[in-house]
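Colleague: I am new to this structure. Please take me through it while I ask questions.

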Amino acid sequence: MKKTTTTEPVAPGLPGSGEAHDTDLPAGGSVEGFDAAGSGSSTESDAPATGRRKKRRELTPAQRALSLLVRREHSQSELLRKLAARGIEPDAAAEAVERMRDAGWQDDGRFAASLARARATGGHGPLRIEAELATHRLDAGTIAAAFESLAADGEADWPGRARDLLERRYDVAAFTDDPALRRKAVDFLLRRGFDGETAYGAVRALRGD
């Protein structure tokens with residue numbers, strides 16, 4: 001007798017579907033009592049393979065918050081803003097963020113260190129990084145700790161970073177005889193968030209002064 005096999009339909013967002021949704025959760029599908037509702041799990045028996053799609057359950061505020069945090073770090077203020085944009089009431093959003101923080105999924109210190117490192121690696125100076133961190137309503141201690149983390153990892157050599165940026169962007173050999181190019185290079189570093197002393201010092205170093 002010829003053996004036949006059947007393949008159950010795969011719900012969107014589950015492994016093998018090729019689609020990604022805001023309901024993606026870590027392995028296990030839950031954390032601290034947050035059921036992975038909407039991620040494809042159901043207490044109902046499997047429907048016949050007729051192509052009929054099950055109705056997806058609406059996510060709770062905590063589940064929406066978690067679905068954002070599993071993708072990348074978020075500050076508390078950013079997470080609150082995104083939940084509000086998804087129609088979550090302020091009190092419910094605040095409670096969800098508090099639960100994420102208590103469970104260890106959200107941490108402003110970890111967020112600040114991650115963002116500072118990403119921006120420094122991307123060629124931004126300390127002034128611009130500090131300004132961006134401040135937009136997340138982080139306190140001075142949290143911002144200072146992020147820069148301390150960069151220094152501890154050897155990633156806070158701002159003069160060296162400034163010189164590297166100029167060497168990649170300009171013909172630094174022309175700095176000696178081209179004052180306009182030197183001014184342009186300084187302005188570039190200032191816009192990137194480096195202070196004046198670092199910007200002028202980088203140009204002078206590459207000029208050979």
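Colleague: Where does T198 lie?
Modeller: T198 lies in helix α9, which covers residues 196-207. Helices here are DSSP runs of H or I with at least four residues, strands are runs of E with at least two, and both are numbered from the N terminus. This is a predicted model, in which local features need pLDDT of at least 70 and side-chain atom pairs count only at pLDDT 80 or more, while totals for chains, interfaces and linings use all residues. Residues are numbered from 1 along each chain as its sequence is written, and side-chain values use heavy atoms, with hydrogens and water left out.

Colleague: Is T198 buried or exposed?
Modeller: T198 counts as buried because its relative accessibility is 13%. Buried means under 20% relative accessible area, exposed means over 50%, and partly exposed is in between, using a 1.4 Å probe and protein chains only.

Colleague: And what is T198 in contact with?
Modeller: Leaving aside neighbours within four places in sequence, T198 is in contact with W158, P159 and A162. Contact means heavy atoms within 4.5 Å.

Colleague: Which residues of α7 and α9 meet?
Modeller: On the α7 side they are W158, P159, A162, R163, L166 and E167, and on the α9 side T198, A202, V203, A205 and L206.

Colleague: At what angle do α7 and α9 pack?
Modeller: The angle is about 60°, and the axes are 9 Å apart. Axes are lines fitted to C-alpha atoms, for helices over the stretch in contact, and angles run from 0 to 180 degrees between N-to-C directions. The two helices, α7 and α9, are therefore oblique to each other. Angles under 35 degrees count as roughly parallel, over 145 as roughly antiparallel, 65 to 115 as roughly perpendicular, and the rest as oblique.

Colleague: What is F175 in contact with?
Modeller: Beyond its neighbours within four places in sequence, F175 is in contact with L166, Y170, L181, R182, A185, V203, L206 and R207.

Colleague: How many residues of α1 are buried?
Modeller: In α1, 7 of the 9 residues are buried, and the helix is mostly covered. The buried ones are A62, Q63, A65, L66, S67, L68 and L69. These buried residues of α1 pack against α2 and α3 (90-102).

Colleague: A change of topic: how many salt bridges does the structure hold?
Modeller: It holds 5 salt bridges. A salt bridge is a side-chain nitrogen of Lys or Arg within 4 Å of a carboxyl oxygen of Asp or Glu.

Colleague: With which residue does E78 form a salt bridge?
Modeller: E78 pairs with R72, and their closest N and O atoms are 2.5 Å apart. E78 is in helix α2 and is buried, with a relative accessible area of 8%, whereas R72 is partly exposed at 38%. Apart from neighbours within four places in sequence, E78 is in contact with R72, E73, F111 and H136.

Colleague: And which residue meets R110 in a salt bridge?
Modeller: The side chain of E73 does, at 2.7 Å from N to O. This pair links distant parts of the chain: R110 is in helix α4 (residues 108-121) and E73 in the loop between α1 (61-69) and α2 (76-85), 37 residues apart.

Colleague: What about E155: which side chain meets it in a salt bridge?
Modeller: The side chain of R117 meets E155, at 3.5 Å from N to O. E155 lies in the loop between α6 (140-152) and α7 (158-169) and R117 in helix α4, so the pair ties together parts that are 38 residues apart in sequence. R117, D153 and E155 are linked in a network of salt bridges.

Colleague: Finally, where is R137 found?
Modeller: R137 is in the loop between α5 and α6. R137 is exposed, with a relative accessible area of 74%, and has a positive phi of about 60° although it is not a glycine.
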